[in-house]
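Trainee: I have a model open and would like to learn to read it. Can we go through it together?

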Amino acid sequence: MVMKSMRESRRKYYDLSPELVEFGYTIFTPKPVKELTGLLAFLTPLSPLMWTFFALALVIVSLCLTMVNHWNPYEWRGLAKRGQVEPSEGRYYNAWNSMWNVYSATVGQGAENPPRSFAGKIISGSWWFFVLVVMASYTANLAAFLAVKPTNPIKSMGDLARQSKLEYGFIRSYSIRRLFETADTFPLRDMWRKISANPDWLVESNEEGLKRAAKGKYAFITFSGVRFRPISELCAVEMVGQPFYKYHVAFPIPIGSPLKIKIAEEIERIRQIGVIEELGNRWLDAERGRCKQSNLSKDDGVLKMDNLLGLFVILAAISAMGLAVCVIEVIIFKLKKLESENIEEEGGSNDIELGESEGDVMEEREEEAIEEEGEELEDMDIVESTA
């Protein structure tokens with residue numbers, strides 16, 4: 001099969017079968033590099049809904065830590081009330097400071113003063129894990145965004161003629177040169193003026209033209225069939241615009257060949273049943289392993305709630321567990337306090353009973369002393385009377 005147009009010098013020896021496929025000339029430009037621009041471009045890797053729920057989660061976790069600090073006796077506020085820490089330390093996890101500590105963990109600075117209670121540690125630990133996954137996903141997606149294939153500003157020959165950043169040209173010996181030389185309308189006329197003023201824009205082969213385009217700052221005009229050749233530089237360029245200066249591809253048949261009619265009939269038959277279209281899709285429209293793109297469905301690359309919904313659920317579940325642990329800690333503290341009060345009451349009653357028993361003993365001793373003193377006086381009176 002001949003993959004190019006029949007030259008006039010060969011037409012006296014060959015006829016052509018009905019056309020099999022149509023080709024034309026097209027433009028190969030360097031693949032443009034995308035850059036995130038704009039004041040809020042750094043927010044692009046996550047969807048607006050994702051950022052909204054992230055901010056909401058930050059506020060809710062801050063409120064949970066504030067509640068734990070307010071009610072839990074083992075937290076900074078409770079310790080300060082009992083005099084175990086300074087009064088100023090009891091304000092470490094009020095509403096404002098809680099939000100500041102959560103934000104500090106978000107940006108990788110860590111909490112200035114970690115929670116003291118087990119419940120507070122559970123909630124803080126769940127937030128640290130949540131932030132670790134979200135920030136890692138954000139960083140990875142930001143890097144991927146920087147590598148996303150952008151839109152090529154060159155869509156046609158007119159776009160190429162209007163711009164001034166790219167040089168352009170074609171193979172010096174190709175027949176398309178005559179098309180440019182004889183053109184009297186835009187854009188070919190204007191393009192030829194620039195090319196003729198810069199003859200170094202023309203190249204000697206497809207390989208040279210594609211290499212020059214792959215390096216950047218150059219657009220190469222050549223026949224579209226070149227994309228099926230094993231040229232490594234094709235991975236660094238892309239074909240843009242609709243083909244022009246079209247030609248047909250067909251089988252060359254010697255003039256007078258008895259097979260001409262049979263070949264033509266067979267080509268028409270397989271065209272009608274779709275074989276030619278199927279073969280074209282299989283061999284001409286496929287990448288055939290060169291610069292293969294992912295088979296995954298394309299999207300805008302933005303992380304949405306569907307991607308990290310499970311992480312929000314885990315954060316909510318662990319935070320709820322932390323609040324439950326806070327309730328348990330409050331109950332345990334009150335039970336311990338009640339038990340200590342009972343022990344103090346029992347100790348007080350024992351002291352009272354001991355004091356009463358000691359008083360009775362003293363009274364008995366005083367009475368015995370008085371009796372003994374009385375007996376001594378009586379003995380002295382008897383002695384005096386006898387004398």
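Trainee: Is the crossing of H1 and H4 left-handed or right-handed?

Mentor: A crossing is left-handed if the near helix is turned anticlockwise from the far one by less than a right angle, and right-handed if clockwise. The crossing of H1 and H4 is left-handed. A word on the source: this is a predicted model, where local features need pLDDT of at least 70, side-chain atom pairs count only at pLDDT 80 or more, and totals for chains, interfaces and linings use all residues. Residues are numbered from 1 along each chain as its sequence is written, and side-chain values use heavy atoms, with hydrogens and water left out.

Trainee: At what angle do H1 and H4 pack?

Mentor: Axes are lines fitted to C-alpha atoms, for helices over the stretch in contact, and angles run from 0 to 180 degrees between N-to-C directions. Helix H1 (residues 48-71) and helix H4 (residues 118-146) pack at about 165°, and their axes are 10 Å apart. Therefore H1 is roughly antiparallel to H4 (over 145 degrees).

Trainee: Which residues of H1 meet H4?

Mentor: Contact means heavy atoms within 4.5 Å. On the H1 side, look for residues including Trp51, Phe54 and Leu58. Their partners in H4 include Ile123, Trp127 and Phe130. The residues of this contact of H1 with H4 divide into 15 nonpolar, 2 polar and no charged. Here Ala, Val, Leu, Ile, Met, Phe, Trp, Tyr, Cys and Pro count as nonpolar, Asp, Glu, Lys and Arg as charged, and the others, Gly among them, as polar.

Trainee: How many helices and strands are in the chain?

Mentor: Both are DSSP runs, numbered from the N terminus: helices (H or I) have at least four residues, strands (E) at least two. The chain has 11 helices and 6 strands.

Trainee: Where does a cis peptide bond occur?

Mentor: Most peptide bonds are trans, and most residues other than glycine have a negative phi. Phenylalanine 186 and proline 187 are joined by a cis bond, with omega about 10°. Proline 187 sits in the loop between helix H6 (176-182) and helix H7 (188-197).

Trainee: What is the phi of lysine 217?

Mentor: Phi of lysine 217 is near 65°, a positive value in a residue other than glycine. Lysine 217 is in the loop between helix H8 (206-214) and strand S4 (218-223). Lysine 217 is exposed, at 59% relative accessible area. Buried means under 20%, exposed over 50%, partly exposed in between (1.4 Å probe, protein chains only).

Trainee: Where does tyrosine 245 lie?

Mentor: Tyrosine 245 lies in strand S5 (residues 237-249). Its phi is positive, about 50°. At 33% relative accessibility, tyrosine 245 is partly exposed.

Key. Parallel < 35°, antiparallel > 145°, perpendicular 65-115°, else oblique.
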